[in-house]
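Here's a quick tour of a protein model, starting from a single side chain and zooming out to the whole fold. Have the structure open as you read.

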Amino acid sequence: MPLRSDRPAQSVLVHEADDLRVVNGANLGDSLSFADELDLDDIYELGPRARTRRLALVMDGDGPFTIGEGSELGTPGAAVHLDSCLTLMPASGNVAEVLIFVETDAEGCVAAVYAMPLAHLVPRTGYALVGIDRTGARQRFAQAACVSFTRGTRITMATGAQVPVEALSPGDMVLTRDDGPQPLRWIGHTTMRAIGEFAPVRITAGTLNNADDLLVSPDHRLFIYQRDDTLGAGRREVLVRARHLVNGDSVRIETGGHVDYVQLLFDHHQIIYAEGIAAETMLLDPRTRPALPEGAAAEIAPDGDHAARAHLQFEISRALLDHPNAADLLKRASTR
């Protein structure tokens, strides 16, 4: 089956349906499935040997998605539908959300079901199914993909002033790396429980030559210029995801409580400066577009999704950051 888009695949980490089974309830013994086959109050457990694997999705328009080449799961080119968002509750009461994806074959029949947890699931722990949301799944999927700054983060303006991100307004002129001063098109505000995919990463002061701590969403990409190619990336300019720099010390995940996230959208995907660190802004694509206010997407982004920018090709894989302290290595590479 041929792939239907030239867009690059985006990877998400998912469990196969068999990893989660009903241990008490109407569907005793059954694997996790799509919304129409589920019953509220069934209790699921994650198997002791369960692990997430990479599902590569090509996203083009409103869906369905297709499975990209190189995916660890599924058949390349097969259609994948985002079915629902489930809410699971363990005995502790700290709910966890799980997105359900359904792969279908050429005849439209279900070929596989995948579960993308938005919070850490603990093996051999009972999770009661307390919610099935068929309409809000796309928005939750989008929110998990939106790179965000946190309240208090200082952004460098076109004048050189440092302004807290929550004080910005559409139309404000912000300094960008590639296009100089540019007006903000839209600002999004969301408050999340700081768990799983929504737990922010703290880059402490001085780690990347930043004067103060920088707290960003885990997949936020930072732009770093190496004076020499210390990482072996084949170029001096690189984009690095915040989560790939976590070392438990100078770069750590902040779990617990709630976090106020702010998304900054420009006419084009940009690199701006936050606490002195060059960092990306929101990338508008088929996955993130549902995060925009309903009915306002055409007004906010009249030119459609962001076209590929040259700097997007600078992202490096986690494998190149397989170092006891990649952040320290990057700091030294950028200041030699």
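## One asparagine and its surroundings

The side chain of Asn 27 makes a polar contact with that of Asp 42, at 2.9 Å. Keep in mind that this is a predicted model. Asp 39 also joins in, with a polar contact between its side chain and that of Asn 27. Here are the two side by side:

| Side-chain pair | Polar contact |
|---|---|
| Asn 27 – Asp 39 | 2.9 Å |
| Asn 27 – Asp 42 | 2.9 Å |

Where does Asn 27 sit? Look in the loop between strand S2 (20-24) and strand S3 (43-46). Is Asn 27 buried or exposed? Its relative accessible area is 15%, and because the cut-off for buried is under 20%, Asn 27 counts as buried. Leaving aside residues up to four places away in sequence, Asn 27 touches Val 22, Glu 37, Leu 38, Asp 39 and Asp 42.

Now for the whole protein. Of the contacts between residues at least 6 apart in sequence, 62% link residues at least 24 apart.

On to the inside. The largest nonpolar core has 27 residues, and Phe 149, Ile 155, Leu 168, Ile 203, Leu 222 and Leu 264 touch the most other members. Several strands supply at least two residues each to this core, including strand S18 (221-225) and strand S21 (258-265). Another core, of 26 residues, lies apart from it, with Val 14, Val 80, Leu 82 and Phe 198 among its members.

Methods: Residues numbered from 1 in each chain as written. Predicted model: local features only at pLDDT ≥ 70, side-chain atom pairs only at ≥ 80, totals over all residues. Heavy atoms only, no water. Helix = DSSP H or I, 4+ residues; strand = E, 2+ residues; numbered from the N terminus. Buried < 20%, exposed > 50% of the residue type's maximum accessible area, 1.4 Å probe, protein only. Polar contact = N/O pair within 3.5 Å; in protein donor to acceptor, adjacent residues only side chain to side chain. Contact = heavy atoms within 4.5 Å. Core = buried A, V, L, I, M, F, W, Y, C linked by side-chain atoms within 4.5 Å.
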